[in-house]
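Have a look at it first, then read on.

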Number of protein chains: 2
Amino acid sequence: MPNESYVVGVDVGGTKVAAGLVNAGGEIIKHARTPMVATGSAASGLAAVNAAIQQVLEGTSDRKITAIGICSPGPLDPKTGVVINPPNLPCWRNFPLADEVQALHKVPVKVDNDANAAALAEVKWGAGRGYKNVFYGTVGTGIGTGIIFDGRIYHGRTGAAAEGGHMGIDIHGPRCGCGKKGCVEVLASGPGIARRARQKLASNSNSKVFELAQGNPQHVTSEMVAQAYAVGDPLAREVIEETLDVLAYWLGNIVDLVEPDVIVMGGGVSTMLSPFLEDIRKRWNGMVVNPWPQQIPVVLARYGEDAGVAGAAALCPTN
Amino acid sequence: MPNESYVVGVDVGGTKVAAGLVNAGGEIIKHARTPMVATGSAASGLAAVNAAIQQVLEGTSDRKITAIGICSPGPLDPKTGVVINPPNLPCWRNFPLADEVQALHKVPVKVDNDANAAALAEVKWGAGRGYKNVFYGTVGTGIGTGIIFDGRIYHGRTGAAAEGGHMGIDIHGPRCGCGKKGCVEVLASGPGIARRARQKLASNSNSKVFELAQGNPQHVTSEMVAQAYAVGDPLAREVIEETLDVLAYWLGNIVDLVEPDVIVMGGGVSTMLSPFLEDIRKRWNGMVVNPWPQQIPVVLARYGEDAGVAGAAALCPTN
């Protein structure tokens, strides 16, 4: 298909850069990955990004590349493509990432944060397709969210909106890495699930989770909780039930405030909990004031590991 | 000013209808009020609304009325002006309020819920003027909220969005009248403030609040807490500090999710707390992940008691 056009999606993280060649249907037809040089100069960070783009472009010379989209940790300005001061990317301080990449590759470049971009990919090509207003949550090591209104990313005043993973839902709860008490992230992310399991193990070591962690509660992961749940372990069941209640309470808040057309859930924990995602709506009984919450589907995202690359690509116009 | 044009704003409640003649600057130049007949037939409910409108129109025949705006309790459909099934207005079930009033008065009629409408009045004529994205909260007997994006009310999927007063922030907290645990409404509304004061009085009757309630904790109101605070009562101080922390935690969530340009606070409790509204932003330290929360003003609303009438008027085009 030498005449088909493509965009390059680039997902910049603190330790690696992933990139992909993405077609108009949102399929990632080629993948690349390079280490990120996050602590060096701005130029060495840019070089790492560029290396990933070059890998994708190699041997694709007969394909038309129309644009490059990039996800980066924030704060950043999605209007100008300037990366402001991400804690995990010390190399970039007020760095004009979009302009720099555009100068190198002579195509339009868009920059946004990963959860916003992933939300857009779901609307364009994934589980949010056909909906105007979409709430996207990715639950994994952390919890990120993106909001799509009328088919476009909702940015707020500066581009820092849609940080729904740090919505506080337990004002007296444990403190999150962000400094706030009782964010949904500290309660229901992978590490949050593991922490709650560990707490329960302190008073009950007679659990499959304890066995899977080889007797060391510090080794407990959310995956072990899921494995133990699968074989009927009561402690694991308690932890999973709590997790679903926390997610339902949080998403109930989203329903009442945002009333989206659909809720799309991505990330490793969502995948692990995918058999129960539909059931979250049952838990909304007595948790939402919206009169028709059952009309809002809660569905698994199309994109998993590739959400960042697909999201970055979704930032660009495709045809 | 016989040639100036006006709109009529109508605020329908469970027990009364307030109406006003509103000019292009958002001033309410004439007020009216009738009892609401909420439990009778649909027609008697309509007649009560119409009586209030007639009162406003009396003697204003030389003034041009261009439209009528109405706030009603929801659920309602702001697109069609149909009131669906408000719990406190049993008279109206799928009642085409906009069409009925339009048929009587031959001018365009708009219907929306009170907090949405009040938010719009603040953007058009009040403390939100000059801002595009505004979060409005009214804290009184309950907590209502409205969200303005790009100068327009954000309605969500069906018009039931922006119920921020029922955002749950204390998953293990006291149950709200809505059925949910730990809504900001159950914690920080007037009755929520009184309830927390009562709880503290149980273990400490040596407080000015106790005296103001004439020794009966059941008589405690949020106003008594404010009065006791004003004379340095330690228990009242504790209750007010808690209230501000709750409001800061809640508004911190709003900053992180919505990142509005400004937060406008209305209602009796906000007025009572107005000396501290600015300080809410100081409490955001360690409560928000947004990098620039201090750039978001927290200000008192222009409209108090009249927020519903002004809001209803704001639903209509004025010039």
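## Where the chains meet

In this predicted model, 36 residues of chain B are in contact with 36 residues of chain A (contact means that the C-beta atoms, placed from the backbone, lie within 7 Å).

## Two helices in chain A

Over in chain A, helix H3 (residues 114-125) packs against helix H11 (residues 307-314) at an angle of about 75°, their axes 7 Å apart. So H3(A) is roughly perpendicular to H11(A) (the label covers 65 to 115 degrees). Axes are lines fitted to C-alpha atoms over the stretch in contact, and angles run from 0 to 180 degrees between N-to-C directions. Helices are DSSP runs (H or I) of at least four residues, numbered from the N terminus.

H3(A) contributes residues including A:Leu120 and A:Trp125, while H11(A) brings A:Gly308 and A:Gly311, among others. Overall, this contact has nine nonpolar, two polar and two charged residues.

## An arginine in chain B

B:Arg281 sits in helix H10 (residues 280-283) of chain B. Buried or exposed? B:Arg281 is buried, because 21 other C-beta atoms lie within 10 Å (the cut-off is 20 or more). Leaving out residues up to four places away in sequence, B:Arg281 touches B:Pro293, B:Gln294 and B:Val298.

Residues are numbered from 1 along each chain as its sequence is written, with chains lettered from A and ligands numbered from 1 in the order in which they are written. As the model is predicted, local features need pLDDT of at least 70 and side-chain atom pairs count only at pLDDT 80 or more, while totals for chains, interfaces and linings use all residues.

Notes. Angles under 35 degrees count as roughly parallel, over 145 as roughly antiparallel, 65 to 115 as roughly perpendicular and the rest as oblique. Two residues are in contact if their C-beta atoms, placed from the backbone, lie within 7 Å. Ala, Val, Leu, Ile, Met, Phe, Trp, Tyr, Cys and Pro count as nonpolar, Asp, Glu, Lys and Arg as charged, and the others, Gly among them, as polar. A residue is buried if 20 or more other C-beta atoms lie within 10 Å of its own, exposed if 12 or fewer, and partly exposed in between; C-beta atoms are placed from the backbone.
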